[in-house]
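Work through the two exercises below with the sequence and the model in view. Each task is followed by its solution in steps.

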Amino acid sequence: MSAPKRQDTRKLFENLSGSGKAIAVLTSGGDAQGMNAAVRAVVRMGIYVGAKVYFIHEGYQGMVDGGDNIKEASWESVSSMLQVGGTVIGSARCKAFRTREGRLQAALNLVQKSITNLCVIGGDGSLTGANLFREEWSGLLDELLKKGAISEEAALSNSALHIVGMVGSIDNDFCGTDMTIGTDSALHRIIEVVDAIMTTAQSHQRTFVLEVMGRHCGYLALVSALACGADWVFFPEMPPEDDWEDNMCLKLSENRADKKRLNIIIVAEGAIDCHNKPITPDYIKDLVVRNLGFDTRVTILGHVQRGGTPSAFDRILASRMGVEAVLALLEASAGTPACVVSLVGNQAVRLPLMECVQMTQEVQKAMDEKKFEEAVRLRGRSFENNLSTYRLLCNRKADSELPHSSFNVAVLNVGAPAAGMNAAVRSAVRVGISEGHKMFAVSDGFEGFYKGQIKEIKWGDVGGWTGQGGSLLGTKRTLPGKHLDKIAQQMATHNINALLIIGGFEALESLLQLFEARERYEEFCVPLCMLPATISNNVPGTDLSIGADTSVNALVETCDRIKQSASGTKRRVFIIETMGGYCGYLATVGGLAAGADTVYIYEEPFDIRDLQGNVEHLTEKMKTTIQRGLVLRNENCNENFTTDFIYQLYSQEGHGVFDCRKNILGHMQQGGAPSPFDRNFGTKVAAKAVQWITKTMKESYKGGRVFANSEDSACLLGMRRRAMVFQPVAQLKHETDFEHRIPKEQWWLKLRPLMKILAKYKTSYDVSDSGQLEHVGRFRAREGDASAAI
């Protein structure tokens, strides 16, 4: 595969050599899914740049004990780790490392192997320990020198210890990063259980109380409550008011009266009331049974949340962070402070480790002092956004308490179905009703619109929609262009004052057509907003679309199974065709998460020489202990090099060395229940969109009607790097390749060299975005309304 052409101004990592350097990687503290992906990325990137890489088994205990616990890693030794949960190099709590004697022994063990670069994957305790070790390093070497344990030459050549941290914690309790490694996978486990419980609860009209992990941080409880539409949630950062028992029972009985057949209550294990008294699942169960007489069950999820295979999100996050960690170690000088590699929005950043640790400790201090609002603020914008969205959606007001509004807002789905669409519709409807609007649902997209399939939709109508796949409203690819007269007529008949369109590329084209028709039809001079929802992730103006995460997970899960099917068969290569139209996002990101050897996409042209090179690369791979290959091909990557052609070419050229199998995954990538990320992403962006619609309607209300015809009143709400941004659709027109239905520039193309490096291809990698150490305070101020990361 030829590397994409880039400008000469780029900062290339080829100039960063690891020759003569030794990097050690360890996992410490509680295990988290995705740690293995991070270890794999550190090992392969380290070896790629010419460094020696070592595993430290059993965390700090292995560092103190030395011997066989510190082993050199090879390229093959991290094969097949990507899909394994937990940490294969082991993790252990270590009392010895907390003493100076223990750290002295650890320093000796590292110096004996000339290891001066340490990559630590763990929680804040593990990272704080690493920083202390770094600060003491020169003193420890002096002591070892005085004792005669090391030579002067060894002390001189190992004079500085460089530390880079990656946060592995399912609780997402570390300040400075939107997501820690393992959190998304833990949410997958929780939502799998909740979805299963919902079916049995519905059958018997039961109430279920679920306890999830989170002794000091309520992230898992809050986001899982948001993702499953729980009736009530308890977590440490938001203790309920004194009369919470009565309020909760009132809400549960109101929901039952609304014909809701089940109630879900989620409790974090560290949940407390405003007097610091623990709130336990059994206490809640007894309360519900005593006050309401509801059949109530308790389920404690426990270590299920730590187990299982890592989600696609965690694999990609860990792989990106692992590569970034090696780059940070290569660029470190003697005075560089220990840093932690973080995720902000969709961007990997480096932050000073101790600034993040101090802010994490400040959260606990604020909670101890009962400053709960301060604790929520310190958790960061992502946590705040989740909490404010939950409050919007779950605190249903009585009709008499709603703000008075005479506005009517219509919601519709356009294009192919995408998982998470229903969560977005539910959120839009409920936030709209909370703001006092009358909400209308349009069935079957613009086809239903011009046929008059429009009806008012109430709060209770969207109950239980969050976890449903596909599109419950119905969706069609029909564009409005040929039916503008009838659509304008329906807008006038129902007095529609704003339109929320949820869909993919067809939704963008529809929005453009309505915007351009404003000169002829005043009915379209109302706020128009689009939320990108497509598995292909091919809409301009956004880095991520609703539905793409679910689709990538479906693809990766299938690839895992296909790879496993070859475990008993040596020397087999699988060629898998993915969906995505002309957009290679699914294939590329899926390839990175599944550990593909090669991924063919339209955006990166390839010829027969590249195909031949890929076959030779796989032939070499078969000589090692990894006798299995995975090749992904985007469905429209090349009209001549079809899946059949590539399969036949590989079969012919690999004859006698490996055999081939092919799979076309098709619509299984479009189905299934939405992932926690898509449920949450859809919920939050829809809430934000309706708030923007409310504001725009109020600003454009003149002479007894809404009239908005400016460019910025027809927008797409998308995630751009670190922020959620409303972008006028008229401007996005210039960023779009309409022939191939893709954006002209796509951020994920920067992940392709990373994928090639991890598959052992020599390539060029632009690291212009890397290298700047930021500060926690400054980056949070710049984040604005950012993070859409869950």
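**Exercise 1.** Which residues does G270 touch, not counting residues up to four places away in sequence?

*Solution.*
- Step 1. A contact means heavy atoms within 4.5 Å. By this rule G270 touches G214, R215 and P236.
- Step 2. This is a predicted model, in which local features need pLDDT of at least 70, side-chain atom pairs count only at pLDDT 80 or more, and totals for chains, interfaces and linings use all residues. Residues are numbered from 1 along each chain as its sequence is written, and side-chain values use heavy atoms, with hydrogens and water left out.
- Step 3. Locate G270: the loop between β8 (263–268) and α9 (281–292) holds this residue. Helices (H or I, at least four residues) and strands (E, at least two) are DSSP runs, numbered from the N terminus.
- Step 4. F235 is 35 residues from G270 along the chain, and their C-alpha atoms are 6.5 Å apart.
- Step 5. G270 counts as buried because its relative accessibility is 15%; buried means under 20% relative accessible area, exposed over 50%, partly exposed in between (1.4 Å probe, protein chains only).

**Exercise 2.** Which strands pair with β4, and how many residues of β4 are buried?

*Solution.*
- Step 1. Two strands pair if DSSP finds at least two bridges between them. Strand β1 (residues 22–27) is parallel to β4, with 5 bridges; A24 has L118 as its bridge partner in β4.
- Step 2. Strand β5 (residues 162–167) also runs parallel to β4, joined by 6 bridges. Here C119 has V164 as its bridge partner.
- Step 3. In β4 (residues 117–122), 6 of 6 residues are buried.
- Step 4. N117, C119 and I121 point one way, while L118, V120 and G122 point the other way. In a regular strand, side chains alternate between the two faces of the sheet.
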